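Here's a quick briefing to read alongside the sequence and the 3D view. Have both open and follow along topic by topic.

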Amino acid sequence: MPRNGRRQLITATLVVGTLTAAAACSDPTAGQDASGNTTITVALAANPQMKTAESLISDFEKKNPGIKVKFTTLPENDLRPAVTKDVATKAGQYDVAMIGSYEVPIWAKNGWIVPLDDYVAKDTAWDSNDVLQPIKDIVSADGKLYAAPFYGSSSFLFYRKDLARKAGVTIPQKPTWEQVAAAAAKMDDKKDGVSGICLRGLPGWGQNLASLTTVINTFGGRWFDEQWHPQLTSPETEKAVQFYVDLLRSHGQQDAAKDGWEGCLQQITQGKTAMWYDDTVFAGSALQQATSQVKNNLGFALAPVEKTQASGWLWSWGLGITQSSQHKDAAWKFISWATSKDYIKLAGAKAGWDSVPPGSRTSTYSIPEYQTAAKSYADLTLKSINTANPKQPTVKPVPYSGVQYVQIPEFTDIGDYVSQQIAGAISGTQSVKQALKKSQSYTEGVVKKAGYLN
């Protein structure tokens, strides 16, 4: 275990103004209008499943008279700093925060979010036993649930079956990265404006590094050895990064360094790429948004591997109650509604079964309508979630937890820096060796300062 550094937050400077902010939210009537209605503010990531929840909020307000919900919806790269600043300073702007599984243990340790066990125990209809165990585990800390999973996910490969047939290639259900690269070369059709594959190139620890880290893992690389020495210039890591960059530069989408999952989702649905490696949660959205030709030919396969048996990541966006909220009971009522069995049925009936949040509840996978809508990817999603191993994501032992991230507070700083260097290699402004040499040096400096290394 690292020493004091693990308890340090890179964004410590955000605490400026804490006393003023705390005083501003100390009024118990805050958030109430003249009629005595309570308004809770919910911070959400701007992805398709969250937008569905926002569109269905009238159902919650009808069932909970006296509670109004205000949404703040932000892109993922903007949501994290905005919510982190709010909870770190106890400003009380948000009652409910959508937080990723990376943040949950860190925020719980800092006392920024409250444990949900008492609420869950009293709310028997919520049915904690129905939540998939791997997902429940990653939104818990010290045996306590700190965020209710809105959805759970892993990663897998999307591909065009018609383009594969045309190119004379077969995508197995469990492909290797070498097989994927060979298929991308054959399916690449620049004359028709179709890239062989789309991969995240956009900087951000939750953007290009999410995909890339799973490639590093399965090639046998790792972020740190057991003594917390950075391993970004190891032969295994360099081989994985060079592979990823070469694949994108040779057969990926144009200007790949500007695309995150949003760009690749658009590429696949509009028929501009033959394959896409990304989050399982986007399967429903891809089918829902795709042109008819793409929809009728979209196939799925497990995350590509090299040396490991599995390589899919493990993630959950969960809803947590901020410690600074003045309306914690109302906040739980919203969370209970948005993460319940009934909500999943409501989302399916009102917005379409491809719009329901997947990977959170076992019962979702026994709903006949969902089984029909998700037949091409439901089983692969569950298999991907259940085979992900955040405790041992790669070949060699690691001192950290996390598949596509390292669950230490400093990783937001390290990851964002490294992702910028990788984007530079993708865009051609520097070599992979140069990018990794800079990344190694920077990461070593951060972990030394934080006390992980002597």
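Helices H10 and H19 sit roughly perpendicular to each other, because their axes cross at roughly 85 degrees and angles of 65 to 115 degrees count as roughly perpendicular. Keep in mind that this is a predicted model. Here's the rundown, starting with that helix pair.

**Helix pair H10 and H19**

- H10 covers residues 208-218 and H19 covers residues 411-427, and their axes come within 10 Å.
- On the H10 side, the contact is made by Asn208, Leu209 and Leu212.
- H19 brings Gly415, Val418, Ser419, Ile422 and Ala423 to that contact.
- Sorted by class, the contact of H10 with H19 has 5 nonpolar and 3 polar residues, with no charged ones.

**Cavities**

- You'll find 3 cavities of 30 Å³ or more in the structure.
- The largest cavity has a volume of about 210 Å³.

**Salt bridges**

- The structure holds 11 salt bridges.
- One of them joins the side chains of Asp59 and Lys63, at 3.1 Å from N to O.
- Both Asp59 and Lys63 belong to helix H3 (residues 57-63), where they lie 4 residues apart, or about one turn of the helix.

Technical notes. Residues numbered from 1 in each chain as written. Predicted model: local features only at pLDDT ≥ 70, side-chain atom pairs only at ≥ 80, totals over all residues. Heavy atoms only, no water. Axes fitted to C-alpha atoms, helices over the stretch in contact; angles between N-to-C directions. Helix = DSSP H or I, 4+ residues; strand = E, 2+ residues; numbered from the N terminus. Parallel < 35°, antiparallel > 145°, perpendicular 65-115°, else oblique. Contact = heavy atoms within 4.5 Å. Nonpolar A, V, L, I, M, F, W, Y, C, P; charged D, E, K, R; others polar. 1 Å grid on protein atoms, 1.4 Å probe; cavity = no way out; pocket = protein on both sides within 12 Å on 5 of 7 lines; lining within 4 Å. Points joined across faces, edges and corners; volume = space filled by probe spheres on them. Salt bridge = Lys/Arg side-chain N within 4 Å of Asp/Glu carboxyl O.
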